[in-house]
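Hello,

Here is the structure I promised to hand over. My notes follow below it.

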Amino acid sequence: MIPRALTPAAFAARRPGAPVRSFSRRTMGTSWSLQAVDAPVSAGEVVRRALDRVVRQMSQWEAESDLSRLNRAPAGEWHAIPPEFARVMAGAIAIAEASGGAFNPALGLLTERWGFGAAGPVATAPDIAPPDAPPDIAFDAATARVRRGAGAALDLSGIAKGFGADLAAEHLLASGVRHFLIEVGGELRGEGLQPDGQPWWVDVEPPPGQSHAPWRLALHDLSVATSGNYRRGFTDGGRHYSHSFDPRSGRPIVNGVASVTVVHRSCMIADGWATALSIVGPERGMALADAQGLAMQMIADGREYVSREWRAMLD
């Protein structure tokens, strides 16, 4: 699969024969890696600082992050948030609205009760009644302020890793690094070209136990994110509970979706939409992806679905 559009400036700035330097470290409870063409030794530090900024602002595992302090504050009060936090909130609210509430950044109390938050895993599924209404977070983009509704707590784990890849990419570009592949916890963004003129090729592997052939993507100024319900979860009484929640029921999804992969210029948008589309399931997910112009691949109940934009990348 190749991009619908190529970037002439990237080809003009290609560095034939230049070395590719590799970096990797830990972040957000996972790892990040970078492959960068002719990069200085400081490139790894550029990425680390960008990702540390995301953690300080948006981690629910860091007690003194902006997000954690907001979740501890009384409900109903407005709180100012930093610019990066505001960018993620704007993206989260836009996806929430476009998906009809399938993506909801206010499920932090639920994810904690089900063992997917800072308190750590649980051994048994909690007995929680469906909510009368989905938890609500208000966001004022003009003033970069957030207000938490009663029964709501922020959880940006469905979009923050993608934003981390974007922020690291922006900082690398600003530092003069033009050609690279950055990966944060499995979400990837590729900029420019390899020294031989090839794009950054990455494979989208099927979930374990699925027989579908892998797709190979050319990440030339593009990002890819996958939401896989096999990645995080626990089993209780012979039933597997995934980390993806349906905001309407307040429980992990049971729609047969094993994975959703989205390709987009923005890794944050790809990450958030992969989460949202895994919630709505195949039929509505296909309609939403086509309506939003998203390149999406979904595997559900052993069947593969691809959107119009995904197929267009094959031409």
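**Strand pairing and the sheet**

Val 263 has Ala 295, in S16, as its bridge partner. The model is predicted: local features need pLDDT of at least 70, side-chain atom pairs count only at pLDDT 80 or more, and totals for chains, interfaces and linings use all residues. Residues are numbered from 1 along each chain as its sequence is written, and side-chain values use heavy atoms, with hydrogens and water left out.

Strand S15 (residues 257-264) and strand S16 (residues 295-300) run antiparallel and are joined by six bridges. Helices (H or I, at least four residues) and strands (E, at least two) are DSSP runs, numbered from the N terminus. Two strands pair if DSSP finds at least two bridges between them.

The open sheet has eight strands, in the order S1-S2-S6-S7-S10-S15-S16-S17, with antiparallel pairing. S1 and strand S17 (303-306) are its edge strands, each pairing on one side only. From one strand to the next, the twist averages 10°.

Elsewhere, strand S8 (residues 200-204) pairs with S9 in the antiparallel sense, over five bridges. Val 204 has Trp 215 of S9 as its bridge partner.

**Helices**

H6 lies across S2, S6, strand S7 (187-191) and strand S10 (222-228), at about 150° to S6. Helix H7 (residues 267-280) lies across S7, S10, S15 and S16, at about 155° to S15. Axes are lines fitted to C-alpha atoms, for helices over the stretch in contact, and angles run from 0 to 180 degrees between N-to-C directions.

The buried residues of H2 include Val 46, Val 47, Leu 51 and Met 58. Its buried residues pack against S1, S2, H3, H4, H6 and S6. Contact means heavy atoms within 4.5 Å.

**Cores**

Which residues touch the most other members of the largest nonpolar core? They are Leu 34, Met 89, Leu 156 and Leu 277, out of 67 residues. H7 gives the most to this core, with ten residues. Apart from it lies another core of 18 residues, among them Leu 181, Trp 200, Leu 222 and Met 313. A nonpolar core is a set of buried Ala, Val, Leu, Ile, Met, Phe, Trp, Tyr and Cys residues joined through side-chain atoms within 4.5 Å.

Leu 34 also touches residues including Phe 23, Val 47, Leu 172 and Ile 182, not counting residues up to four places away in sequence.

Best wishes

Definitions and conventions
Buried < 20%, exposed > 50% of the residue type's maximum accessible area, 1.4 Å probe, protein only.
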